[in-house]
Amino acid sequence: MQEAIREAKLAEELREVPIGAVIVHGDEIIGRGHNLRETTLDPTAHAEMIAIRQASEHLDAWRLLDCTLYVTLEPCPMCAGAIVQSRIPTVVYATTDPKAGCAGTLMNLLQEERFNHRVDVISGVMQQECAGLLTNFFRELRRKM
């Protein structure tokens, strides 16, 4: 999760919402990402999506079997769908997303029984630190308005 937090801080330096993700295969990080929606004007440029693309390129495969995704914020519907489609077996996230969380908060797409793949979910890892990054970012944004 420390590396995902590092990615979140890179996003914050770009004035992006500080969300970061890494994908680990064995002991190696094979995908990294941080939010780039504002920078790229791309609504799909979420941390998880970028990390999934990198990991797939690294493995030369769309199935990310035996991988774990670490992300600082609970995945949204788009990212949860990509996680299921890429067959990532485990997701570890730090803090819940009450507005778009789809790993248990609003719904649980990662463990939906009707899908052909379900994901193990671990939540709350380094929750306070990651929630603090987001709270401080939005507090500062409101202060500048």
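Before I name anything, helices here are DSSP runs of H or I with at least four residues, strands are E runs with at least two, and both are numbered from the N terminus. Take E7, which lies in helix α1, residues 2-13. We'll come back to that residue.

A quick word on where this comes from. This is a predicted model, so bear in mind that local features need pLDDT of at least 70, side-chain atom pairs count only at pLDDT 80 or more, and totals for chains, interfaces and linings use all residues. Residues are numbered from 1 along each chain as its sequence is written, and side-chain values use heavy atoms, with hydrogens and water left out.

Okay, the sheet. Five strands make an open sheet, and the order across it is β2-β1-β3-β4-β5, with mixed pairing. Two strands pair, by the way, if DSSP finds at least two bridges between them. At the edges sit β2 (28-34) and β5 (120-123), each pairing on one side only. From one strand to the next, the twist averages 15°. For angles, axes are lines fitted to C-alpha atoms, for helices over the stretch in contact, and the angles run from 0 to 180 degrees between N-to-C directions.

Let's look at the pairings around β3. On one hand, β1 and β3 run antiparallel and are joined by five bridges, and there you'll find V24 opposite T68 in β3. Helix α3 packs on the sheet, where it touches β1, β2 and β3, and its direction makes about 145° with that of β2. On the other hand, β3 and β4 run parallel, again with five bridges, and Y70 stands opposite V92 in β4. To get from β3 to β4 the chain goes through α4, and this β-α-β crossover is right-handed. That means that, with the strands pointing away from the viewer, the path from the first strand over the helix to the second runs clockwise.

How much of β3 is buried? Six of its seven residues are, so β3 is largely enclosed by the rest of the structure. Buried means under 20% relative accessible area, exposed means over 50%, and partly exposed is in between, using a 1.4 Å probe and protein chains only.

On to the inside. A nonpolar core is a set of buried Ala, Val, Leu, Ile, Met, Phe, Trp, Tyr and Cys residues joined through side-chain atoms within 4.5 Å. The largest one here has 31 residues, and I23, I52 and L110 have the most contacts inside it. Elements that each supply at least two residues of this core include β1 (20-25), α3 (47-59), β3 (67-73) and α5 (127-144). Apart from it lies another core, of nine residues, among them I5, A8, V22 and L133.

Let me zoom in on I52. Contact means heavy atoms within 4.5 Å. Leaving aside neighbours within four places in sequence, I52 is in contact with I23, L64, L69, A82, I83, S86 and I88.

Now back to E7, as promised. Is E7 buried or exposed? At 6% relative accessibility, E7 counts as buried. Not counting residues up to four places away in sequence, E7 touches I19, G20, A21, V22, R32, G33 and H34.

One of those contacts, R32, also forms a salt bridge with E7, the closest N and O atoms being 3.2 Å apart. Because R32 lies in strand β2 and E7 in helix α1, the pair ties together parts that are 25 residues apart in sequence. A salt bridge here is a side-chain nitrogen of Lys or Arg within 4 Å of a carboxyl oxygen of Asp or Glu. By that rule the count comes to five.

R32 has another partner: the side chains of E3 and R32 meet in a salt bridge at 2.8 Å, N to O. Then R6 and E3 meet in one too, at 2.1 Å, N to O. Since R6 and E3 are three residues apart in helix α1, about one helical turn separates them. R6 counts as partly exposed at 46% relative accessibility, and so does R32 at 28%. Put together, E3, R6, E7 and R32 are linked in a network of salt bridges.
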